[in-house]
Amino acid sequence: MNLTDRPRRLRRDGVRELVSETSLSPEDLIAPVFVDATTDERVPIQSMPGHERVPIDQAVDRVEEVLETGVEAVMLFGIPESKDPQGSRAWAEDGVVQKATRRITAETDAYVITDVCLCEYTDHGHCGVVEETAAEDPDLTVKNDETLELLGKIAVSQAEAGAEMVAPSSMTDGMVGAIREALDDAGFSDVPIMSYAAKYESSFYGPFRDAADGAPAFGDRRHYQMDPANREEATREVRLDVEQGADVLMVKPALPYLDIVRDVDREFDYPVAAYNVSGEYAMLHAAAEKGWLDLDAAATESLLSIKRAGADLILTYFAEDVARRL
Ligand code: PBG
């Protein structure tokens with residue numbers, strides 16, 4: 001055979017590392033942490049093996065565990081002591097995330113990012129203000145403009161507690177602009193916004209909704225999260241967030257939406273984040289438990305693929321496991 005081009009030459013150990021195009025580092029990873037005001041002990045999350053909801057007074061210990069692996073950033077989610085129709089515990093000065101953030105920023109070197117949303121705090125489980133009669137009429141969607149003011153209040157209360165970055169996830173039109181204005185007015189013009197810019201209405205959020213107790217009590221999120229069928233709309237959604245002042249652009253979920261990650265990376269000269277969501281984590285664990293795949297190898301390959309598609313940073317429940325092996 002007279003082959004001049006033989007790609008196999010570069011696949012041997014020794015040279016393959018030299019020509020590798022993508023690499024993973026613990027510094028690219030953000031570990032989600034669940035802080036729960038309803039418990040005084042750690043509660044394992046059944047559908048997310050290895051993850052727990054931790055009480056506020058163990059939030060620092062939990063974050064120290066993350067830091068030991070080399071991961072330097074955490075994303076905090078809160079389970080409040082009580083819920084109401086407005087979700088008022090989301091912006092309370094003594095709310096679960098606010099309390100945990102104060103302690104974590106005072107006692108650790110972690111970079112603290114907070115989720116700005118209402119679904120864990122409202123008794124109806126939707127990501128914003130709903131009509132009182134919404135339960136009887138599921139066509140009544142979350143009231144967009146009434147929700148914006150609340151999102152601004154949440155972000156400011158988190159920044160006051162010391163959050164270093166805020167991450168709005170409610171898919172409310174105008175949310176980034178409203179939060180940017182509220183933060184700037186409160187003197188937090190240095191706090192960046194990582195927008196869940198292209199967030200799809202996905203079935204892969206199931207385990208998270210159990211973990212954070214944030215499933216909608218009626219209806220679904222189709223009125224505000226994106227249709228999985230749409231690709232061009234993602235560019236439009238992301239562009240709106242850029243125009244409103246987003247600093248980091250997130251695509252969510254990650255693995256089923258790598259085409260979107262790639263589009264956002266090519267289209268915008270901003271850092272791109274991808275959220276390797278709870279269902280993506282749970283399905284690898286479930287398959288591994290049956291002996292159908294090698295968990296460590298599949299997790300590393302997943303994260304590598306997300307970076308290869310164009311993500312600069314990855315939110316993932318595998319953060320600690322993968323970082324430990326790097
Ligand atoms: C809150 C929020 C959700 C997730 C992150 N922030 C739930 C949802 O939109 O239903 C899901 C994360 C995951 O599945 O890992 N809006």
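Lys199 sits in strand β7, residues 194–199; strands here are DSSP runs of E with at least two residues, helices are runs of H or I with at least four, and both are numbered from the N terminus. This is a predicted model, in which local features need pLDDT of at least 70, side-chain atom pairs count only at pLDDT 80 or more, and totals for chains, interfaces and linings use all residues. Residues are numbered from 1 along each chain as its sequence is written.

An unreviewed UniProt entry annotates Lys199 and Lys252 as "active site"; such annotations may be inferred rather than shown by experiment, and the positions are given in the numbering used here. These residues are spread over 54 residues of sequence, yet they cluster in space, with a largest C-alpha distance of 4.9 Å.

Next, the ligand. Residues around it include Asp115, Cys117, Ser169, Tyr205, Arg209 and Ser278, counted when the C-beta atom, placed from the backbone, lies within 6 Å. By class, the shell has 6 nonpolar, 4 polar and 2 charged residues. Nonpolar here means Ala, Val, Leu, Ile, Met, Phe, Trp, Tyr, Cys and Pro; charged means Asp, Glu, Lys and Arg; the others, Gly among them, are polar.

Last, a helix pair. Helix α8, residues 278–289, packs against helix α9, residues 295–309, at about 155°, with the axes 9 Å apart. The two are therefore roughly antiparallel, the term for angles over 145 degrees. On the α8 side, Leu284, His285 and Ala288 make the contact; on the α9 side, Leu295, Ala298 and Ala299 do, with contact meaning C-beta atoms, placed from the backbone, within 7 Å. That contact has 5 nonpolar residues, 1 polar and no charged ones.

Key
Axes are lines fitted to C-alpha atoms, for helices over the stretch in contact, and angles run from 0 to 180 degrees between N-to-C directions. Angles under 35 degrees count as roughly parallel, over 145 as roughly antiparallel, 65 to 115 as roughly perpendicular and the rest as oblique. Two residues are in contact if their C-beta atoms, placed from the backbone, lie within 7 Å.
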